[in-house]
Protein chains: 2
Amino acid sequence: MSVREAKKQRKKKAIVEAAISLFSAQGYENTSIEQIARAAGVGKGTVYSYFQTKKDLIKGFCEYELEKIHLELVKRSNREATILEQMLTIYMTEFHHVTQNREFGRLYMRESIFPKESDVQDNLETDDKYFQILFPILQKGQERGELRKDVELLYMTAHFYSLYIMIISAWYTGRISTGEVEPAMELLFRQLLEGLQPKNPNSQVSK
Amino acid sequence: MSVREAKKQRKKKAIVEAAISLFSAQGYENTSIEQIARAAGVGKGTVYSYFQTKKDLIKGFCEYELEKIHLELVKRSNREATILEQMLTIYMTEFHHVTQNREFGRLYMRESIFPKESDVQDNLETDDKYFQILFPILQKGQERGELRKDVELLYMTAHFYSLYIMIISAWYTGRISTGEVEPAMELLFRQLLEGLQPKNPNSQVSK
DNA sequence: TACTAATTTCGACTGCAGTCAATTTTCACT
DNA sequence: AGTGAAAATTGACTGCAGTCGAAATTAGTA
């Protein structure tokens, strides 16, 4: 790596670290780019040559965190568990990280779920990494007969992911507390697997 | 109504209308509060006495639109149709309005699904209106034996709503086109009703 | 009507995100 | 080492969101 490249990497890292540390200490809104620049020992313009907007700084951090989460998931994964258990593990691990970084998580989800026209494509590769984790699990579920074979894997992931987003939203809006997340997720996943229709329309029992 | 009240109402309306017209003409980002104020014939400070932030102007507009949507839904609703059909009608009507106001819809969904800590409670009442529309439909579905009786109505709505958010997100991120929304929604809703598990784990047929 | 208190309106002001032209640093080649 | 082109860095500058205290308008009272 050339001297130039090395310097760039070092500076980029310094900027992200300064940003995270200041955001954590004073909050995102209360931290100015100029503060970050000074803390990182560079000029304001330099920050903008590495990150196009202030929000991109968050994204830099979150993508780094996601990397860690994905590694953690691979380690934790138990291929012998049921689909329900594996999905719960995956999404609860993810949720755990969100609780650790509530504000960052919120800003990140906003951007990745409803992105500005202009930065749509950035997120697509992050999604790919997700699919790489979920596909084999769900595929195995189909092979084991736990999941229908006539539902495409992409749709399978969509079902689980949509419930995850929904629950996170309910948590952010205060409709459910931290402790209620896991039971709610389990119940919703279970209902998703079983379906909302009665198995036998004429003989259902109220629970 | 006192003279003062009447004036306030008129001004508020003038401001919202000026905002919508300018946002539509030049986009949200390219419109300044000062422009809106001038167009509405008031001072900048006055705008801020009616709306706390620029985003609130969007919310004012969207809530007005939602009102219209809800009325439209009540008119359109056909209580004899299947749950699948009714849910499709409701969410496709909503989606139609989103397509008409792509940018507003995006900003609104961001705010309502992942709101800032400080304005969480504003959205809760809007949600109530939703439930008022969905609950009776789903309840009837339960009575008719189309839906399980052992799933709470709140959870029922959560399932459908979560898929809706997911699809909207897929549309905003360009993963699916406008024309693909309806078939995707129908397929996902159908899968949700049937469940992701095979009915009979040992005798499923690949489609 | 006249006077006072309460409410509303206003635009000058502050602070920050993001831009850009000028300057400095790095690199490739002699 | 010396030179010129390319890339990186910088902070002064622009434009706008949001604030705030002073001025104007309205309501209440006699």
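Predicted model: local features only at pLDDT ≥ 70, side-chain atom pairs only at ≥ 80, totals over all residues.
Visitor: OK, how many helices and strands does chain A have?
Guide: Chain A has nine helices and zero strands, where helices (H or I, at least four residues) and strands (E, at least two) are DSSP runs numbered from the N terminus. The C-alpha trace of chain A spans about 70 × 40 × 30 Å along its principal axes, and 48% of the 207 residues of chain A count as buried, buried being under 20% relative accessible area, exposed over 50% and partly exposed in between, with a 1.4 Å probe and protein chains only.

Visitor: At what angle do H6 and H8 of chain A pack?
Guide: Helix H6 (residues 102-113) of chain A packs against helix H8 (residues 153-172) of chain A at an angle of about 135°, with their axes 12 Å apart; axes are lines fitted to C-alpha atoms, for helices over the stretch in contact, and angles run from 0 to 180 degrees between N-to-C directions. H6(A) and H8(A) are therefore oblique to each other, since angles under 35 degrees count as roughly parallel, over 145 as roughly antiparallel, 65 to 115 as roughly perpendicular and the rest as oblique.

Visitor: And which residues meet there?
Guide: Among them are A:Arg102, A:Met109 and A:Ile113 in H6(A), and A:Tyr161, A:Ile165 and A:Trp171 in H8(A), with contact meaning heavy atoms within 4.5 Å. The residues of the contact of H6(A) with H8(A) divide into eight nonpolar, one polar and two charged; Ala, Val, Leu, Ile, Met, Phe, Trp, Tyr, Cys and Pro count as nonpolar, Asp, Glu, Lys and Arg as charged, and the others, Gly among them, as polar.

Visitor: How far apart are the axes of H5 and H8 of chain A?
Guide: The axes of helix H5 (residues 83-100) of chain A and H8(A) are 11 Å apart, and the two helices pack at an angle of about 35°. By class, the contact of H5(A) with H8(A) has 11 nonpolar, two polar and one charged residues.

Visitor: Switching topic, where does A:Tyr28 sit?
Guide: A:Tyr28 is in the loop between helix H1 (3-26) and helix H2 (33-40) of chain A, and A:Tyr28 is buried, with a relative accessible area of 9%. Leaving aside neighbours within four places in sequence, A:Tyr28 is in contact with A:Phe23, A:Lys54, A:Lys55, A:Ile58 and A:Leu107.

Visitor: What about B:Gln191, buried or exposed?
Guide: B:Gln191, which lies in helix H9 (residues 178-194) of chain B, is buried, with a relative accessible area of 4%. Not counting residues up to four places away in sequence, B:Gln191 touches A:Arg148, A:Val151, A:Tyr155, A:His159 and B:Leu196.

Visitor: Last one: what rotation superposes chain A on chain B?
Guide: A rotation of 180° with 0.0 Å of shift along its axis does so, with an RMSD of 0.1 Å, the copies being superposed by least squares on the C-alpha atoms of residues with pLDDT of at least 70 in both. The two copies are thus related as by a two-fold rotation axis. In chain A, the C-alpha nearest the axis belongs to A:Gly195, 1.6 Å from it, and the same surface serves both copies, as 98% of the contact residues of chain A recur in chain B.

Terms used:
Residues numbered from 1 in each chain as written. Chains lettered and ligands numbered in written order. Heavy atoms only, no water.
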